[in-house]
Each structure stands twice: as C-alpha cells, then as structure tokens.
Amino acid sequence: MAKGYVIGVDYGTDSVRSIIVEAASGEEVASSVFYYPRWRDGLYCNPVKNQFRQHPKDYIEGLEATIKQCLQEAGASVRSQIKGIAVDTTGSTPVAVDKRGTPLALTPEFENNPNAMFVLWKDHTSTKEAAEINAHAEKFDVNYLQFVGGIYSSEWFWAKLLHVLREDEAVRRACYSWVEHCDWIPYLLTGGNDVHTLKRGVCSAGHKALWSADFNGLPPDEFFSSLDPLLKGYTARLFKETYTSDKPAGKLSKEWAERLGLSTEVIIGVGAFDCHMGAVGGQIEPYHLSKVMGTSTCDMMVVPVKDMERKLVRGICGQVNGSIIPGMIGLEAGQSAFGDTYAWFKNLLAWPIEQLLKSSALITPDIADKLKGELLDKIIPELTRQAAALPLDEHNELAIDWLNGRRTPDANQLLKGAVTGLSLGTDAPRLFKAWVEATCFGAKAIVDRFNTEGVPVKGLIGLGGVARKSPYIMQVMADVMNMPIRIHKSEQTCAAGAAMFAATATGIYPSVEDAMNAMGQGFDAEYIPNAAASAVYAKRYKQYMETGEKLGV
C-alpha cells in the first residue's frame, strides 16, 4: 500500500488553499485557506481598464501560512511523513523576473509597480498585442498558432509580455525573463537562483506560450523580433525543454524546509494550471469534458494521442501532449466569466444597499457593516430560489455572457455582454435567470465546437464551487446541454489533483492514472436533463447564437 502524505497547493483568483492528503486513500487530513490581502483591498487593479495584477508577496505569504496551518492541524506524526508538494495556479499569470528568477515586484525599485507584478489571467490590457500576434502569424509558412486553436488571446503569455515591455520602460530595462506563476512557485520552493535552471511545465508552455515539440520548442526568435524588436532575444532567455507535472522540479530548499518545518528530502513537483490539475483531481476520463466552474470556467478533455493525429480543433485554448495526463493529448477550452457573471450581477444589485447603509445617520458603522454582510449573502440564494420558480418560455429575456470577453470558441476579449427582450415586467429574478442561461449557452457552444471538429464529447463532469453549490445552475446546464452532468464529490478538486501529482512525482504511484484511481473520491450527484426544458432551451440557444452573430462575431 502507498505510504506517506502529500501536500496539494491550489492558487485561485482570490485565495490560495493547501491540503494534506493521505497518499494511500486520498483522504484529506488538513486544509487551510488564505485570502490575498492586497488583492482583497483592490490594490494594483483597475477594472475599468481590465487591469488585474497580483503582488508576489500575497502568494508567498499565503503559501507559508496555509502549509504551516495544515501541518499544525495534522500533527507531528503526519508532518514527519510528508513526501511531496505539488502546486497549481491560475493562468496565464506571468511575471517579469531578473536573471535570478526574482519577480521585479520583490525588489525595492518596483515593489509598488503593477507592471512588475503577476499579470492575472483575467487581465485584458493586451488586446491590442494579441490582435497583432494573430495578424503577424498569417505572414509565416508555419502556422505557429495551430496548437492553440488558431487564435492567440490577450489572456496569454506573449501578449502580456509585449504589452508590459511597451508600456513600462523601467520594467523593460530590468526584465530579463518572463515566468508563469505555476512555474515560479516550485522554483521558489526549491531555492532556484538562476532563471535558466527553472523547469517549465508543458501545461503552461504549450497552451499559452506557443511551445510545441513540432517546432522543436518555441517559435524562432525571428517570429517575435519581426513582430516587435522589443521581443528580440527573449526566446533565448526563456526555455526550450518542458516537463510534465508527474516529474520532480527538485527538492525543498533548506530555507523553505526551515520555514515550514519539513525535511529537505520533500519532493517538489513541476507546476501546472489549476484547471488541468483539477481535471485529474476530478477523475477525468477520455472524451469526457471536465468543467472546472469558478470565477471563469476551464473545460478540459483528454484524448489518446493516436485519436488526435492530423486533428486540430479550431478556436480552443490548445491541445498539448501531456498537459493533463502524461501520454495523452490535453485539450482546453473555457469561458472568461462564469461565477464572475453572477458576482457582477450581485454587486450591481448590492450597490444601493451599500450606499444607503454607508450614508445612513440612523445606524452606527459597525451595525451597517453587519447588515450589509447579512443582506449581501442572501442576494444570490434568493435570486436562485425565485429564478428557479419562473416558467420557462422561449421568449424570455436573453443575455449574452461576454462580460469579460470570450475565451472560447474563438477568443475575442473585445466582445461585450448584452441583454435583449427587456420590458417593464423584467425584474431581478428574470435577469438573473437570463444570465444563468447565457453562461450555460456559452458552455454549449464549446461542446458544439468539439463535436463539429471531430472530437466528440461523450460525457460531462462538473467540478468547482459553482458545480457543488448551485443545483439550479447545474440543472440548467444539463437541460441546455441535453446531457447528464456528474458532480465530483471533492470540494477541492484542484488541490486534490495537485496532491495526486505530488504522489506521482515522489514515486509513491508509478503514474498519474494510478494516483487518480487510488486517491479519487468519486461522484455524489448527477443532473439528468429534462426533455421538455431541453426542447425549449434548444430554441433559446439558437436565439443566443443568432444574437451573438448580430453583435459582430
């Protein structure tokens, strides 16, 4: 039987979560969450400009705090048996670093400069650069965008690098290389001090940075330097080799071993994106679309290599050998806003409550804060209850879910959301219902693209907070898709997936599949489509697609 314990670390948009898992059973023995204080306070962000930056100190403080708390909760006997740590993060979330691989924001000169911080996945300040990359790629005989769906996104590695280099001369002078968050955390834990020794994961490299074995690495320097001379020489400062996440990045450094109270024999795995490890934590199966549903969605699929020969799926976020399960092609799609859509609507409705409580002379600030918290927590549950009770009609209000642009199919971050069919009878529950349906229609557009490109979706797996917390949204999803959707039992599939990769990197299990089968927690819910509702949604989905076309796409 597998021996020992492993730690899975999951960096989300708002917080980092660490868990300790028994490798033999996958049982979670401790967990801890840390909310980024600088992010919580809105520092370094400007939503009006679609600028979202995160300070590396938030990541470092959260890493130390959550692992220490987990170890304290688990006890000394577990601490002594920790074998490995693996990490997943949001992405593409890169940062400018110096030759030692230190993020510039960790140096005094740049500690408050947003351009020296991690450029979060949802940052869309580089739409211009992404458009230039797409136009530039058409000039070359080799299609360097072929493995990322044929369209480069402003959410990704090269567009963000070019934007930062253009925008900030001081950062441009100090920047030596550009590193994804999921690659930097293992480098930090292993005590790296030369960026050329940093092990880059195939997950981030293949899906966001245009790396491919077919190109013998990254596209040539000429591709980038002819786009903009500012990029000249960057390929030599980046990487040629990549690694799957079942491999070790190294061992825990002496500094971090002392900080955490662990052995320097602890293995650190190669990092990957949250949705990719989450798909493993959710026990992904070939041709089953694993939908990690949080602030955005990431839709993951694995397909045997032989089945993908001479197949290129248009308009998705890439197909990369080994990016999810080593030895299989990992395919990624997703929506730029999912839970964020509901959060936006909640904040819209909450605005008058917050303002009136703030300005009221009748209650103290403490009571105002308490009332605000209680009222805001009730908005989504009450909207859900009332929306679920509304009759379904093909002529109801219709929304387009591109509030943060469109990730897939066919990335276009300049697109905006819309609502049609409004009347004086439209109220908040009806609008909430329209947004729920819109996010589910956006999900169906992804499934349709896979199907039409010859990669059939044979099943749906729901993962993440929205999947577990909202039966209403999941039933609408099943009805819109006209397919059952299974919900994974684990509430922390990304962290659980990271733990499975840690167990593989340490050699406890010989393969990711073995770790997944032994440590997976199974499924505890399934939503079956309602035939009558699916028939109505088929008509409304057609309206959704037609409305999207009218918006100019």
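This note goes through a predicted model point by point, from its helices and cores to its cysteines and some individual residues.

1. Helix 13. This helix covers residues 339-359, 21 residues in all, and its first and last C-alpha atoms are 30 Å apart, which is close to the 30 Å expected at 1.5 Å a residue. Even so, the helix has a kink of about 40 degrees at Ala350, and this kink comes shortly before the proline Pro352. Ala350 is also one of the buried residues of helix 13, together with Gly339, Thr341, Tyr342, Phe345 and Leu357. The elements that cover these buried residues include helix 14 (365-389), helix 15 (428-452), helix 16 (465-469) and helix 17 (471-481).

2. The nonpolar cores. The largest nonpolar core has 58 residues, and the members that touch the most other members are Met301, Leu331, Phe450, Met474 and Ile485. Helix 15 gives the most to this core, with twelve residues.

3. Leu331 and its contacts. Once neighbours within four places in sequence are left aside, Leu331 is in contact with a list of residues that includes His207, Asp299, Met300, Met301, Val303 and Met308. Further along the chain, the contacts of Leu331 include Gln319, Ile324 and Phe450. Two of these partners, Met301 and Phe450, are named with Leu331 among the core members that touch the most others.

4. Cysteines. How many disulfides does the structure hold? The structure holds zero disulfides. For Cys175, the closest cysteine sulfur is that of Cys182, and because it is 17 Å away, it is too far for a bond. Cys182 is in no disulfide either, although the nearest cysteine sulfur to it, that of Cys203, is 6.0 Å away; a pair of sulfur atoms counts as a disulfide only within 2.5 Å. Both cysteines are buried: Cys175 has a relative accessible area of 4%, and Cys182 has one of 0%.

5. Thr125. This threonine lies in the loop between strand 7 (118-119) and helix 4 (127-137). Is Thr125 buried or exposed? Its relative accessibility is 17%, so Thr125 counts as buried, the cut-off for buried being under 20%. The side chain of Thr125 makes a polar contact of 3.3 Å with the side chain of Arg53. Arg53 is also among the residues that Thr125 touches when those up to four places away in sequence are not counted, and the others are Lys49, Asn50, Gln51 and His163.

6. Met519. This methionine is found in helix 19, which covers residues 512-519, and it is buried, with a relative accessible area of 3%. Leaving aside neighbours within four places in sequence, Met519 is in contact with residues that include Val6, Val21, Glu22, Ala23, Ser25 and Gly26, as well as Ala499, Met500, Ala503 and Tyr509. By contrast, Glu155 is 364 residues away from Met519 along the chain, and the C-alpha atoms of the two are separated by 33 Å.

7. Cis peptide bonds. Where does Ser92 lie? Ser92 lies in the loop between strand 5 (82-89) and strand 6 (94-97), and the peptide bond that joins it to Gly91 is cis, with omega about 5 degrees. The peptide bond from Thr408 to Pro409 is also cis, with omega near -5 degrees, and Pro409 is found in the loop between strand 16 (398-400) and strand 17 (418-420).

8. Positive phi values. Gln283 has a phi near 55 degrees, which is a positive value in a residue other than glycine. Gln283 is found in the loop between helix 12 (274-281) and strand 12 (288-293), and at 16% relative accessibility it counts as buried. Asn482, again a residue other than glycine, has a positive phi near 55 degrees, and its place is in the loop between helix 17 and strand 19 (485-488).

Terms used. Residues numbered from 1 in each chain as written. Predicted model: local features only at pLDDT ≥ 70, side-chain atom pairs only at ≥ 80, totals over all residues. Heavy atoms only, no water. Helix = DSSP H or I, 4+ residues; strand = E, 2+ residues; numbered from the N terminus. Buried < 20%, exposed > 50% of the residue type's maximum accessible area, 1.4 Å probe, protein only. Polar contact = N/O pair within 3.5 Å; in protein donor to acceptor, adjacent residues only side chain to side chain. Contact = heavy atoms within 4.5 Å. Expected span 1.5 Å × (residues − 1). Bend = angle between axes of the 7 residues up to and from the residue. Core = buried A, V, L, I, M, F, W, Y, C linked by side-chain atoms within 4.5 Å.
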